[in-house]
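Me: I have a structure here that I have not looked at before. Can you walk me through it?

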Amino acid sequence: MLDASAILGRHEMAQPAVLAGVRVLSLEQVHVLPWGTAFLADFGAEVIRVESADHTNDRRSGPFPDGEPGDAWWNEGGTFAYWARNKESLCLDVTQPLGKEVFLKLVAQSDIVTDNFRPGTMARLGLDHDSLAHIKPDIITLSCTAYGHTGPWRAYGARARTVDAVCGLSYLTGYEGGEAIRASSNYMDHTGGLNIAYALLLALYRRRKTGQGARIDLSMYETGVSCIAPAILEVQRGISRPRLGTAHLWKAPHNVYRCRGADRWIAISVSTDDDWQWLRAAMGQPSWAMEGRFDTVPGRWQHRRELDEQLELWTATYDNVALMHLLQAHQVAAGAVLTARDLVVDPHLRQREYFEVFTNANAPRVGVRVYAGRPFRIPNIPESLTLVSALGQHNGQLLREVAKLSEPEIQALLAAGIIATRPKEAEKPAATPSRSDVRERGPHFDPEYRQHVLELIGPIVAAPGSDD
């Protein structure tokens, strides 16, 4: 198996992680909460994902190698691997009295308990904050729900897409003169997950200062509303924010422009008159750009459509990455629109050692894969990707070492179905059609993707001293 730390060149002397010694019990599902607790694992916390053999949708979601789930599909999903990075797995039925009893033993030895069930679920299970605080007075609990634990919408369910709508983000998103469209299928999952990490870090800091635990009621809805704060301020001044697609309220040119090749684009943003002078210089001072109507910020915005048309005639003659370098050399803010394949082989990301190459020992059929890293650099943070747990992989270890159960007690839990290492419904998910089946062989279809991946990881796999 590949040594991730050797691959990434992280040879520093091992030092205690920032959150070393912090134990998190996370009753998590879908995306938002797993995303948030993954950052705690990055900081060195022991994050225990408390899973259910009855509900394995997260592990069922794939993607699977070549779109085909294997016999142990519940350990193979690619998306799950990223959310569950470096977390331990305890497959425990907390809805049963014996499972609840075990969970409470673990709570007594933990620092944080998180969930993203609908309001009222943890109380019905007897696992609400007040109940847990009787066992561990300084416990920190966090519940991430769609609309919070109070208010008339508290019982409503949601997905990130529906929160995107109700928080106002969808209304603001769309092309000029067009109808509202969604900003992203999971924008609220990512922003909500970041807020989860922030809130828990603050609660830990507060506990270290005061010795007090905390109850955190986190709402995806309110996370979304905070994302459109400028529009909320503007409406109070009678300002209506129009839909502008990729354009801007006052900047021009500020858009995405076609480049040479099939479906290749570049984003360009000009804010000031100096920026405009630099862009003109990069273009070679064409006669159309010298027209007086483009000399000022208001003038460029007023004539933005004509400006965009002329600019795209120029950008369409360039490769988008080469053009980005040209414009950046002239101090113009520009970024090539890159695909996932572009990113995997991007020299900037590789020089910064952003990607991690990882072989999941619990899913040998998956093989060596390239995983996205984290967007910050602090000594010894983040922790390298070393583990994607199999379902229930840490049952025995956690029950023996943390809950202090005997081997006969653990075996009794297994016999009663309270703990498990397989889903109760083990039927394979449906195979995913290959890309060539779901759409025409256009510019996005890469029939040689295996070769491109091997070109990326081949030198690493073949490096002296690496394990095959």
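What follows is a short chat about the sheet, the backbone, the cysteines and the salt bridges.

Me: What should I know before starting?
Reply: This is a predicted model, in which local features need pLDDT of at least 70, side-chain atom pairs count only at pLDDT 80 or more, and totals for chains, interfaces and linings use all residues. Residues are numbered from 1 along each chain as its sequence is written, and side-chain values use heavy atoms, with hydrogens and water left out.

Me: Ok, the sheet. What is the order of its six strands?
Reply: The open sheet runs β3-β2-β1-β4-β5-β6, with parallel pairing. Helices (H or I, at least four residues) and strands (E, at least two) are DSSP runs, numbered from the N terminus. Two strands pair if DSSP finds at least two bridges between them.

Me: Which strands are at the edges?
Reply: β3 and β6 (214-219), each of which pairs on one side only. Neighbouring strands of this sheet are turned by 20 degrees against each other on average, direction ignored. Axes are lines fitted to C-alpha atoms, for helices over the stretch in contact, and angles run from 0 to 180 degrees between N-to-C directions.

Me: How many bridges join β2 to β3?
Reply: Four, and the two strands run parallel. Glu 51 stands opposite Cys 91 in β3.

Me: Which helix lies across β4, β5 and β6?
Reply: Helix α10 (residues 187-210), running at about 165 degrees to β6. Contact here means heavy atoms within 4.5 Å.

Me: Switching to the backbone. Which peptide bonds are cis?
Reply: The bond from Gly 62 to Pro 63 is cis, with omega near -5 degrees, and so is the bond joining Ala 252 and Pro 253, where omega is about -5 degrees. Pro 63 sits in the loop between α3 (57-60) and α4 (78-83). Pro 253 is in the loop between α12 (229-235) and β7 (254-258).

Me: And positive phi, where does that turn up?
Reply: Asn 86 has a positive phi of about 60 degrees although it is not a glycine, and Lys 404 likewise has a positive phi of about 60 degrees without being a glycine. Most residues other than glycine have a negative phi.

Me: Is Asn 86 buried or exposed?
Reply: Asn 86 is buried, at 14% relative accessibility, whereas Lys 404 is exposed, at 63%. Buried means under 20% relative accessible area, exposed over 50%, and partly exposed in between (1.4 Å probe, protein chains only).

Me: How many salt bridges, then?
Reply: The structure holds 25. A salt bridge is a side-chain nitrogen of Lys or Arg within 4 Å of a carboxyl oxygen of Asp or Glu. One of them pairs Arg 374 with Asp 42 (3.1 Å, N to O).

Me: Where do those two residues lie?
Reply: Arg 374 lies in the loop between β11 (368-371) and α19, and Asp 42 in helix α2 (residues 32-42), so the pair ties together parts that are 332 residues apart in sequence. Arg 374 and Asp 42 are both buried.

Me: Which residues are linked in a network of salt bridges?
Reply: Glu 28, Arg 49, Glu 51, Asp 58, Arg 59 and Lys 87.
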